[in-house]
Amino acid sequence: MVKSMTGYGRGEYTDGKKSITVEIKAVNHRYCDVYVKMPRRYSFAEERIKGDVRDALKRGKIEVLVTVDNFGESENDIRLNEDVAEKYYRALKSLEEKFGFTGEKGITLEMLAGMPDVIKAVPAKEDEEELMHALLVPTEIALQNIINMRATEGERLAKDILMRADLIEEIKDKIKARAPEISKEYADKFRERVNEILDGKLEIPEERVMVEAAVFADKANITEELVRLESHIQQLRDFFDSEEETVGKKMDFLIQEMNREANTIGSKSNDTEITGWMLDLKAEIEKIREQVQNIE
């Protein structure tokens, strides 16, 4: 199944203590580039999340946003450092005795508690295994949603590309039917031009006309290019029945080959009618190329 690289998915999880939301956005990219933005305290799960995303989405520039909201519970614990407090107390006591301070309050609890690092907030310890599970649940939901969206968009792309493949084949058939007539018309025009120049004074040998027409026909022969173009059209259709997960790069290469054949046909045919069809054909190939850029 052909899938688009563009998509969006969202997943949520709550356990009564916290709510976790995971959003995944993806756009076109040559490779699989995954960027995760999440609270620093949950960074232990970043590589696992990236791995799951890469397994599910093979190509694209992918942004993963993880947000965590706690319900009434602080994410921090309060830690008292008694050793630091004791050192502050001794230092203050020493100053008090040395300089003879005799204030009424002296060293107070408020004074010690306000000293740096005596009391500080530290991240609360949580069960990493439990947190990993809580983070992966919404991640999987978001991945499934973006996969579904990319598949839906892929169906739309497939429908459009196959429609344009049919148009290209119709143009190719017109060119194929027109090609044999070109050398015949060239022979007639060559005969007329020479007769005009000679003004009927000499008769042109028919063999000479046929030789000239044969030389022109050989130079203008586009049979091989038409055969290859027809093969490319069929290969393009076959991609949509393929079981491969990622065909975008192969399709892009195939479109380049189709464009190359179209350019060769246009330059060799030397026919205004075929040139007009070639402009239409190249326009459809370019539209397919633009669509293929978005296929995974």
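This is a predicted model: local features need pLDDT of at least 70, side-chain atom pairs count only at pLDDT 80 or more; totals for chains, interfaces and linings use all residues.
A crossing of two helices is left-handed if the near helix is turned anticlockwise from the far one by less than a right angle.

Now, the helix pair. Helix 6 and helix 7 cross in the left-handed sense. Their axes lie 10 Å apart, at an angle of about 155°. Angles over 145 degrees count as roughly antiparallel, and helix 6 and helix 7 are therefore roughly antiparallel to each other.

Who meets whom? On the helix 6 side, the residues include Leu226, Leu229, His232, Ile233, Leu236 and Phe239. Helix 7 brings, among them, Met251, Leu254, Ile255, Met258 and Ile265. By class, this contact has ten nonpolar residues, six charged and three polar.

Next, the core. The largest nonpolar core has 31 residues. Which of them touch the most other members? Ile175, Leu236, Met251 and Leu281 do. Helix 4 gives the most, with eight residues.

Take Leu281. Leave aside its neighbours within four places in sequence. Leu281 is then in contact with Ile168, Ile171, Lys172, Ile175, Leu229 and Ala262. So much for Leu281.

Another core, of 26 residues, lies apart from the largest one. Its members include Met38, Val53, Ala134 and Leu136.

Definitions and conventions. Residues are numbered from 1 along each chain as its sequence is written. Side-chain values use heavy atoms; hydrogens and water are left out. A nonpolar core is a set of buried Ala, Val, Leu, Ile, Met, Phe, Trp, Tyr and Cys residues joined through side-chain atoms within 4.5 Å. Buried means under 20% relative accessible area, exposed over 50%, partly exposed in between (1.4 Å probe, protein chains only). Helices (H or I, at least four residues) and strands (E, at least two) are DSSP runs, numbered from the N terminus. Contact means heavy atoms within 4.5 Å. Axes are lines fitted to C-alpha atoms, for helices over the stretch in contact, and angles run from 0 to 180 degrees between N-to-C directions. Angles under 35 degrees count as roughly parallel, over 145 as roughly antiparallel, 65 to 115 as roughly perpendicular and the rest as oblique. Ala, Val, Leu, Ile, Met, Phe, Trp, Tyr, Cys and Pro count as nonpolar, Asp, Glu, Lys and Arg as charged, and the others, Gly among them, as polar.
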